[in-house]
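Good morning, and thank you for joining. Please keep the sequence and the model in view while I speak.

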Amino acid sequence: MIERGIEQRPMNIVRRRVMAIVLTGLVVVAVPAVLVAWRNPWHYVHLMPFGRSSVVAAVLFAASVLLGVAAWLVLRPALARAAAVVATVLALMAACSGVEFLGPSLYGMEPDGDSRVVALSSGGSFEVVLLHYPEFMTGFDVLRIRSRAGLRSREANQDLACFATPFDGLGSEGTFSTARFLSDHEIEVRTEAGQPWTTRFDPRTFLAVSTLSHGCQ
């Protein structure tokens, strides 16, 4: 019995160390990946869902917890308890900082829900999407140009048009109605009053020659 207990103890230690390595490895992979998605300097469309503040905050929270568990698995009891306390504090700080510092955008909040395609070029290479940014007693309808290139699809680092949507409304002349491509690199935007506005954009940078703003910052 004594020999069996001695044999099991090294095995338990090995298992705990392996689990700690696996948990640490998950953190090492997940945290840089989600931070890259948050920064996303290339504006890749498929990275954007993973860069939302709620996702970043959740990953940072989970990473702190996983590191605490990994420390608890390999450290002595006294150190393990200290590591658990530190991990708990870091997890709470990570969650709060993720919401507080990563969440706000130019319009106060992140867009709610998925983007909606409102115009598609005849060649199928570009599209205009509509995003809604909510804010207290108001909101913003924002149009942006995107390429359609599969996993390499990108979004313009510029708002093509922005329409404020306050609680009491702005009237038909300041409300977005439709958008369409006049050519592969020329776009027309109309308000609900039927007023047209057109501009062209660079097919490499997706930046428009001019932009439209109705009540936005």
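I shall go through the overall fold, the cores, the disulfide, the salt bridges and the surface.

A word on conventions comes before the details. This is a predicted model, in which local features need pLDDT of at least 70, side-chain atom pairs count only at pLDDT 80 or more, and totals for chains, interfaces and linings use all residues. Residues are numbered from 1 along each chain as its sequence is written, and side-chain values use heavy atoms, with hydrogens and water left out.

Let me begin with the fold. The protein chain contains three helices and eight strands; helices (H or I, at least four residues) and strands (E, at least two) are DSSP runs, numbered from the N terminus. Read from the N terminus, the order is α-α-α-β-β-β-β-β-β-β-β. Of the 217 residues, 33% count as buried. Here buried means under 20% relative accessible area, exposed over 50%, and partly exposed in between, with a 1.4 Å probe and protein chains only. Among contacts (heavy atoms within 4.5 Å) between residues at least 6 apart in sequence, 48% join residues at least 24 apart.

I turn to the interior. A nonpolar core is a set of buried Ala, Val, Leu, Ile, Met, Phe, Trp, Tyr and Cys residues joined through side-chain atoms within 4.5 Å. The largest one has 20 residues, of which Leu143, Leu160, Ile187 and Val189 touch the most other members. At least two residues of this core come from each of strand 2 (126–135), strand 3 (138–147), strand 4, strand 5 (176–183) and strand 6 (186–191). Another core, of eight residues, lies apart from it and includes Val129, Tyr133, Phe140 and Ala164.

Next, which residues form the disulfide? They are Cys162 and Cys216, with sulfur atoms 1.9 Å apart; the criterion is a pair of cysteine sulfur atoms within 2.5 Å. Cys162 lies in strand 4 (residues 161–164) and Cys216 in the segment after strand 8 (212–214), so the bond ties together parts that are 54 residues apart in sequence. The torsion about the S-S bond is about -90°, so this disulfide is left-handed. Cys162 is buried at 3% relative accessibility, and Cys216 is buried at 16%.

The structure also holds eight salt bridges, each being a side-chain nitrogen of Lys or Arg within 4 Å of a carboxyl oxygen of Asp or Glu. In one of them, Arg148 pairs with Glu127, the closest N and O atoms being 2.8 Å apart. Arg148 sits in the loop between strand 3 and strand 4, and Glu127 in strand 2, 21 residues apart. Arg148 is partly exposed at 43%, whereas Glu127 is buried at 8%. Glu188 and Arg180 meet in a salt bridge at 2.9 Å, N to O; Glu188 is buried at 8%, and Arg180 is partly exposed at 45%. Arg144, Arg146, Glu155 and Asp159 are linked in a network of salt bridges.

Finally, the surface. Val14, Val18, Val22 and Leu26 form a nonpolar patch with about 340 Å² of accessible area together. Patches are made of residues with over 30% relative accessible area and no salt bridge, like charges being joined within 9 Å and nonpolar side chains (Val, Leu, Ile, Met, Phe, Trp, Tyr) within 5 Å; areas come from the Shrake-Rupley method with a 1.4 Å probe, and for residues only the protein chains shown count as cover. Val14 belongs to helix 1 (residues 2–39).
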